[in-house]
Amino acid sequence: DWPVLFWASRHRNAYFEAWEAMVWPTAEFKKMAEDMKEFGYPPEESIGMLSEAFATAAAAGPLVLIGKTMDQIRSTRGHANLYRRSPEKYIRETARLEPPVTVIPVLLRVDTERVIHGKKVTLPAGTCLSLSMRLANRDPKAFPNPEEFSIDRDFSKLTTWGGVGGTGPRSCPAEKWAISMITCILDQYV
């Protein structure tokens, strides 16, 4: 997305200051690398793969969300004041409607039965599923009036950072850092 990349290049000092302040979750990487042994990945390779994935997600996701949040503020009258009222909730609601990462890949560890188009199907262990965060974040059972932008809603079922309500084994370890960094940068302009 060119406007986001241009914006990021103009303001890279603030971005890199936040990046350098980040605490890298080494213990989490080691645990995930151990889990990956089950699928034939040696831990020494897994840690490198996870580090690269984490660095990429921690850089790209916030940049995309900065652009989407700025677009939301600029395109809707009164949204600058709404952002000022609660920057974190405004960012979470933008991320709910327009997640920077739209799917979560999940590798099944055991054979799993599911009903697909009314037919019972067994998915074997090792099957990769893609879970849509965009659809989950617009589920009317979890989010009443899902197409409406509202910072006053309950975000406990938000899946944007890979886990429901920021919990679970697929949760992004940089969620709070990303929101802090995005707020720090947007506060300069809003």
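How many contacts beyond four places in sequence does the model have for residues 1-12, over which pLDDT stays under 50? The model has eight such contacts for residues 1-12, a contact being defined by heavy atoms within 4.5 Å. The term pLDDT denotes the predictor's confidence in each residue, on a scale from 0 to 100. The structure is a predicted model, in which local features need pLDDT of at least 70 and side-chain atom pairs count only at pLDDT 80 or more, while totals for chains, interfaces and linings use all residues. Residues are numbered from 1 along each chain as its sequence is written, and side-chain values use heavy atoms, with hydrogens and water left out.

Where pLDDT is low, the predicted coordinates should not be read in detail. Over the protein chain the average pLDDT is 76, and 64% of the residues score at least 70. Among the elements of the chain, the lowest mean pLDDT, 41, belongs to helix α1 (residues 2-10), and the highest, 95, to helix α5 (residues 79-85).

The secondary structure of the protein chain consists of eight helices and four strands, where helices (H or I, at least four residues) and strands (E, at least two) are DSSP runs numbered from the N terminus. Along the sequence the elements follow the pattern α-α-α-α-α-α-β-β-β-β-α-α. Of the contacts with a separation of 6 or more, 60% are accounted for by residues 24 or more positions apart. Of the 190 residues in the chain, 36% are buried; buried means under 20% relative accessible area, exposed over 50%, and partly exposed in between, with a 1.4 Å probe and protein chains only.

Helix α6 is largely enclosed by the rest of the structure, because eight of its eleven residues are buried. The buried residues of α6 are Y90, I91, R92, E93, T94, A95, R96 and L97. T94 has a relative accessibility of 4%. Leaving aside residues up to four places away in sequence, T94 touches L65, K68, T69, Q72 and F149. R96 lies over the face of F143, at 5.2 Å from the ring centre; the criterion is NZ of Lys or CZ of Arg within 6 Å of the ring centre and within 35 degrees of the ring normal.

Two aromatic pairs are present in the structure. The pair of Y83 and Y90 is edge-to-face, because the ring centres are 5.8 Å apart and the planes stand at 80°. Rings of Phe, Tyr and Trp (its six-membered ring) pair if their centres lie within 6.5 Å, and planes under 30 degrees apart count as stacked, over 60 as edge-to-face and the rest as tilted. Y83 is buried at a relative accessible area of 1%, and Y90 is buried at 0%. Y90 also forms a tilted aromatic pair with F149, at 4.9 Å centre to centre and 50° between the planes. Y90 lies in helix α6 (residues 87-97) and F149 in the loop between α7 (133-136) and α8 (175-186), so this pair ties together parts that are 59 residues apart in sequence. F149 is buried, with a relative accessible area of 18%. Through these ring pairs, Y83, Y90 and F149 are linked into a cluster.
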